[in-house]
Amino acid sequence: MKIFGERLKEIRTEKHLKQTDIAKLLNVSGNTVHAWETDKQEPSMATLLKLSDILEVSLDYLFGKSDY
């Protein structure tokens with residue numbers, strides 16, 4: 001799932017959000033967001049859905065299945 005971490009970080013920084021900003025919105029720790037971005041952990045499906053809403057992108061984009 002290497003693409004996921006890269007895309008998550010890319011979108012987060014484009015939106016001028018910090019890892020702690022995402023963490024607060026999802027009620028997780030900043031370390032957890034860092035682990036997702038470095039592909040050390042994977043978020044749950046429920047968290048992925050919330051994350052795609054927060055970042056305003058599709059799950060397909062987050063997982064590299066589409067480029068938009």
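**Helix packing and aromatic contacts in the predicted model**

The charged end of Arg7 lies over the ring of Tyr61, at 4.1 Å from the ring centre; a charge is taken to sit over a ring if NZ of Lys or CZ of Arg is within 6 Å of the ring centre and within 35 degrees of the ring normal. The structure is a predicted model, in which local features need pLDDT of at least 70 and side-chain atom pairs count only at pLDDT 80 or more, while totals for chains, interfaces and linings use all residues. Residues are numbered from 1 along each chain as its sequence is written, and side-chain values use heavy atoms, with hydrogens and water left out.

Two packed helices are described by the angle between their axes and the distance between the axes. Helix H1 (residues 2-14) and helix H4 (residues 45-55) have axes that come within 11 Å and cross at roughly 35°. Helices (H or I, at least four residues) are DSSP runs numbered from the N terminus; axes are lines fitted to C-alpha atoms, for helices over the stretch in contact, and angles run from 0 to 180 degrees between N-to-C directions. The crossing of H1 with H4 is left-handed, a term that applies if the near helix is turned anticlockwise from the far one by less than a right angle. On the H1 side the contact (heavy atoms within 4.5 Å) is made by Phe4, Leu8, Ile11 and Arg12, and on the H4 side by Leu48, Leu51 and Leu55. These residues divide into six nonpolar, no polar and one charged. In this division Ala, Val, Leu, Ile, Met, Phe, Trp, Tyr, Cys and Pro count as nonpolar, Asp, Glu, Lys and Arg as charged, and the others, Gly among them, as polar.

Ile11, in helix H1, is buried, with a relative accessible area of 4%. Buried means under 20% relative accessible area, exposed over 50%, and partly exposed in between (1.4 Å probe, protein chains only). Not counting residues up to four places away in sequence, Ile11 touches Leu55, Val57, Tyr61 and Leu62. Ile11 and Leu62 are 51 residues apart along the chain, and their C-alpha atoms are separated by 9.0 Å.

The count of aromatic pairs comes to one. Rings of Phe, Tyr and Trp (its six-membered ring) pair if their centres lie within 6.5 Å; planes under 30 degrees apart count as stacked, over 60 as edge-to-face and the rest as tilted. The pair is formed by Phe4 and Phe63 and is stacked, with 5.3 Å centre to centre and 20° between the planes. Phe4 in helix H1 and Phe63 in the segment after helix H5 (59-62) are 59 residues apart, and the pair thus links distant parts of the chain. Phe4 is buried at a relative accessible area of 1%, whereas Phe63 is partly exposed at 29%.

Ser66 also lies in the segment after H5 and is buried, with a relative accessible area of 13%. Beyond four places in sequence, Ser66 touches Arg7, Ser58, Asp60 and Tyr61.

In helix H3 (residues 30-37), the residues Thr32, Val33, Ala35, Trp36 and Glu37 are buried. The buried residues of H3 pack against H1, helix H2 (19-26) and H4. Asp39, which follows H3, has a positive phi near 60°. Pro43, in the loop between H3 and H4, counts as buried at 10% relative accessibility. Leaving aside neighbours within four places in sequence, Pro43 is in contact with Phe4, Trp36 and Leu48.

Definitions and conventions: Helices (H or I, at least four residues) and strands (E, at least two) are DSSP runs, numbered from the N terminus.
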